[in-house]
Amino acid sequence: MAEPDRPVPHRPGAVSLFFVAKAGVFALGFWIWLLVLAVRGDPAEGVHLIAATGAVCTTLVGVVLGARMALQRNAAARHAELKRLLVDISWNAFAAVGNSDQQQAKVVPFPTVPPDSDRATNRGPGERVSALDRGDRNRGERRR
């Protein structure tokens, strides 16, 4: 059975991708600058420290932003799947209730509280009492 045409779920990441790419470009620039300074063979100076710090910091920023973007995309996909699942469940329940006259024992009705007049007050020793039937009078008492 072919999947029906459904709208594409919202996938965040265009802005995040821009910042990840920007951090990557800056990191590449700092690493190239550090490599050029190291190849020239000059003694380590403050410029080397600035290039190394910039390279490490922008690389870490790129990695953190990339991980955050991946987590956002994954969360958006899970959210879209959950919404799709909830719609399918509600649609199947709606369809099952509509078909309940033709198919016996396929629909589980929602539990309802019986009116006060329908409650049985005298129960045998083996009969179970639901929490709704107990009310407040048995609160705190343990059943044996």
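These legends accompany a set of close-up views of a predicted model.

Residue numbers start from 1 along each chain as its sequence is written, and side-chain values use heavy atoms, with hydrogens and water left out. Because this is a predicted model, local features need pLDDT of at least 70 and side-chain atom pairs count only at pLDDT 80 or more, while totals for chains, interfaces and linings use all residues.

**Figure 1**
Let us begin with the overview. The mean pLDDT (the predictor's confidence in each residue, from 0 to 100) is 75, and 57% of the residues reach 70 or more. Confidence is highest in helix H1 (residues 14–40), at a mean of 91, and lowest in helix H3 (residues 131–134), at 59. Of the 144 residues, 12% count as buried; buried means under 20% relative accessible area, exposed over 50%, and partly exposed in between, with a 1.4 Å probe and protein chains only. The accessible surface comes to about 12300 Å², of which 64% belongs to carbon and sulfur atoms; areas come from the Shrake-Rupley method with a 1.4 Å probe, and for residues only the protein chains shown count as cover. Among contacts with a separation of 6 or more, residues 24 or more positions apart account for 54%, where contact means heavy atoms within 4.5 Å.

**Figure 2. Ser16 and its partners.**
Ser16 is found in helix H1 and is buried, with a relative accessible area of 14%. Which residues does Ser16 contact, leaving aside its neighbours within four places in sequence? They are Arg68, Met69 and Gln72. The side chains of Ser16 and Gln72 are also joined by a polar contact of 3.4 Å. Such a contact is a pair of N or O atoms within 3.5 Å; within protein, one must be able to donate a hydrogen and the other to accept it, and residues adjacent in sequence count only if both atoms are side-chain atoms.

**Figure 3. Aromatic pairs, two in the whole structure.**
The rings of Phe18 and Phe19 have centres 5.2 Å apart and planes at 70°, so this pair is edge-to-face. Phe18 is partly exposed at 49% relative accessible area, and Phe19 is partly exposed at 41%. For Phe30 and Trp33, the ring centres are 6.2 Å apart and the planes lie at 40°, so the pair is tilted. Rings of Phe, Tyr and Trp (its six-membered ring) pair if their centres lie within 6.5 Å; planes under 30 degrees apart count as stacked, over 60 as edge-to-face and the rest as tilted. Phe30 and Trp33 both belong to helix H1, three residues apart, about one turn of the helix. Phe30 is partly exposed at 22% relative accessibility, and Trp33 is partly exposed at 35%.

**Figure 4. Salt bridges, two in the whole structure.**
A salt bridge here is a side-chain nitrogen of Lys or Arg within 4 Å of a carboxyl oxygen of Asp or Glu. Arg40 and Asp42 form one through their side chains, at 2.9 Å from N to O. Arg40 counts as exposed at 55% relative accessibility, whereas Asp42 is partly exposed at 34%. The side chains of Glu81 and Arg84 meet at 2.7 Å, N to O, in a salt bridge. Both residues lie in helix H2 (residues 46–98), three residues apart, about one turn of the helix. Glu81 is partly exposed at 44% relative accessibility, and Arg84 is partly exposed at 25%.

Definitions and conventions: Helices (H or I, at least four residues) and strands (E, at least two) are DSSP runs, numbered from the N terminus.
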